[in-house]
Structure formats: structure tokens, C-alpha cells
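Dear colleague,

Please find the structure below, handed over for your review. A summary of the findings follows it.

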Amino acid sequence: MGRPKRKVISIVGLTRPTPYAGIINDIQIFLKPSEGLQTIVDALSLMQIEAPEFYLPVEERVRNVKLSEYDRISYAHGNSVYMAKKAMERGRVYCATVLVHEVKHMDLEGTLTPKKIAERMCDERELDLLKRLGDEKYWEMNPPFTMDTYLAWKTYERLIFEMNIRPHNSDEEPSILQP
């Protein structure tokens, strides 16, 4: 029923990437197997096979996937996506939504879109991917909410995060309540 799952064996460290063979461009993954390398490969493969309209923009914009220095915060900088450890622990579907979310941020970079509107647009893009993948894949993330309430939950999570963030001069990671 589908293509066999890609397996990746990485013999490289953080200084040399493991390439993910894309359709047009390769994506370099700067993760060790213990850091979630296979989860990112599975997320890219899932999108490439089951949601190519979401995969292709990721391949076009993202050149590198690296480990975020924060446990719970993923972000994009330049043509790299920095994936949080907690995101990778939530599995391939969640990582796929993070990649799609960050690519939307890349698309909005340089526009005058207000931050809250940009976040909502990125969350909506995540939901579009989840709808495309369907309920079975959605529940792989083990979410505490239904797909119908996904955007409300994302807004709630962000509000809780913003209420718990530490001052900018702190070296500590901002805290967030986990669902």
C-alpha cells in the first residue's frame, strides 16, 4: 500500500549534514539519530508522498534543518529551520506542521504583516496540511483537542506562552505550559 519507509543511518555529526534527497533540491539535516533525525526524514517523506503541494514549498525554501537551542521553540532563520526537541518527540506529523509553519513565516518575511496575523496565517497553513493528511495522521500527534478546535488551541497555546515568557535579558529558555 505505499512506498516503504525510508531509513536513515547517519555517520556524521553536527558539522556534516545528512542529506534528504528532494525532488529538485536536497535538504541538509544537521541532526544526530539520537536528536530526531529519523523523525524529520519521516516528516519530509510523509509530505512528499501524501501532500506534495505542502512539501514542494518546504523543499524550495528550506536548505537546512537543525536542532533548536530551545527545548520547546522551533523557528526559522534565513533558509534554515531550527526544530525543537519537544517537536520531534511529538512525531513526524507534528514536525511536518512545524516545517509548513516556518515556511509560511519565510514567505511572509519582509512584508508588513502584523505578528499576530502572521502567526494566525501560519497556524491556518498547518491546519490545511492536517486536513490534507486526514484524521488518522492527525491523531498520530496525540493532540488533546480535535481538528475542529485546532486553531483555537494554537491561539490558546500562544497566549499561555506569551504570559509565561521570561524577560528578554534572561539567558534561560522561555517556559510554556504543555498540553
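Is lysine 86 buried, partly exposed or exposed? Lysine 86 is partly exposed, at a relative accessible area of 29%; here buried means under 20% relative accessible area, exposed over 50%, and partly exposed in between (1.4 Å probe, protein chains only).

This is a predicted model, in which local features need pLDDT of at least 70 and side-chain atom pairs count only at pLDDT 80 or more, while totals for chains, interfaces and linings use all residues. Residues are numbered from 1 along each chain as its sequence is written, and side-chain values use heavy atoms, with hydrogens and water left out.

Salt bridges

A salt bridge is taken as a side-chain nitrogen of Lys or Arg within 4 Å of a carboxyl oxygen of Asp or Glu, and the count by this rule is nine. Lysine 86 pairs in this way with glutamate 89, with 3.8 Å between the closest N and O atoms. The two residues are three apart in helix α3 (residues 85-89), so about one helical turn separates them. Helices are DSSP runs (H or I, at least four residues), numbered from the N terminus. Salt bridges with shared partners also join Glu119, Asp123 and Arg158 into one network.

Another salt bridge connects arginine 132 and glutamate 53, whose closest N and O atoms are 2.7 Å apart. Because arginine 132 belongs to helix α5 and glutamate 53 to helix α2, this pair ties together parts 79 residues apart in sequence. Arginine 132 is partly exposed at 40%, as is glutamate 53 at 38% relative accessibility.

Aspartate 107 and arginine 61 form a salt bridge as well, with closest N and O atoms 2.5 Å apart. That pair links distant parts of the chain, namely helix α4 and helix α2, 46 residues apart. Aspartate 107 is partly exposed at 41% relative accessibility, and arginine 61 is partly exposed at 32%.

Helix α5

After α5 comes glycine 134, with a positive phi near 95°.

Cysteines

Cysteine 95 is buried at 0% relative accessibility, and cysteine 122 is likewise buried at 0%. The whole structure contains zero disulfides (pairs of cysteine sulfur atoms within 2.5 Å).

Yours sincerely
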